[in-house]
Amino acid sequence: MEIYIVAFCVTFVYIFLRAWQQINVIKKRYVEAGLVPFFMALCEVTTVGLIVTSDFWIFIPIGVGGSLGCLLSMKVNHR
């Protein structure tokens, strides 16, 4: 059960960062656009590790975390 919670949290953060990165590029925020990929890479590596050590049903918390992360990023970064 813990792996599902971690998968949700990591994917939430990862997709939040991906959506934020797109907004950074569109709005030409160079410093943020240069720093965010390091955190994205950390999330990607963690997600792959979780997928390898889990079962088929890991897609559910990953999907929910990704959806909510994207929506929150759009809400927070829409300035």
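Starting at the N terminus, the elements of the protein chain follow the order α-α-α. That makes three helices and zero strands, where helices (H or I, at least four residues) and strands (E, at least two) are DSSP runs numbered from the N terminus. The model is a predicted one, in which local features need pLDDT of at least 70 and side-chain atom pairs count only at pLDDT 80 or more, while totals for chains, interfaces and linings use all residues. Residues are numbered from 1 along each chain as its sequence is written, and side-chain values use heavy atoms, with hydrogens and water left out.

As for overall dimensions, the C-alpha atoms of the protein chain fill a box of roughly 40 × 20 × 15 Å along the principal axes. Looking at contacts (heavy atoms within 4.5 Å) between residues at least 6 apart in sequence, 74% join residues at least 24 apart.

Next comes the pairing of two helices. The axes of α1 (residues 2–26) and α3 (residues 59–76) come within 7 Å and cross at roughly 35°; axes here are lines fitted to C-alpha atoms, for helices over the stretch in contact, with angles from 0 to 180 degrees between N-to-C directions. On the α1 side, the residues making this contact include Y4, F8, F12, F16 and W20, and on the α3 side they include P61, V64, L68, C70 and S73.

Leaving aside residues up to four places away in sequence, F16 touches G69, C70, L72, S73 and N77. Its C-alpha atom is 18 Å from that of L50, which lies 34 residues away along the chain.

K28 tells another story. It belongs to the loop between α1 and α2 (30–53), and its phi is near 55°, a positive value in a residue other than glycine. Most residues other than glycine have a negative phi. Is K28 buried or exposed? K28 is exposed, with a relative accessible area of 58%.

Technical notes. Buried means under 20% relative accessible area, exposed over 50%, partly exposed in between (1.4 Å probe, protein chains only).
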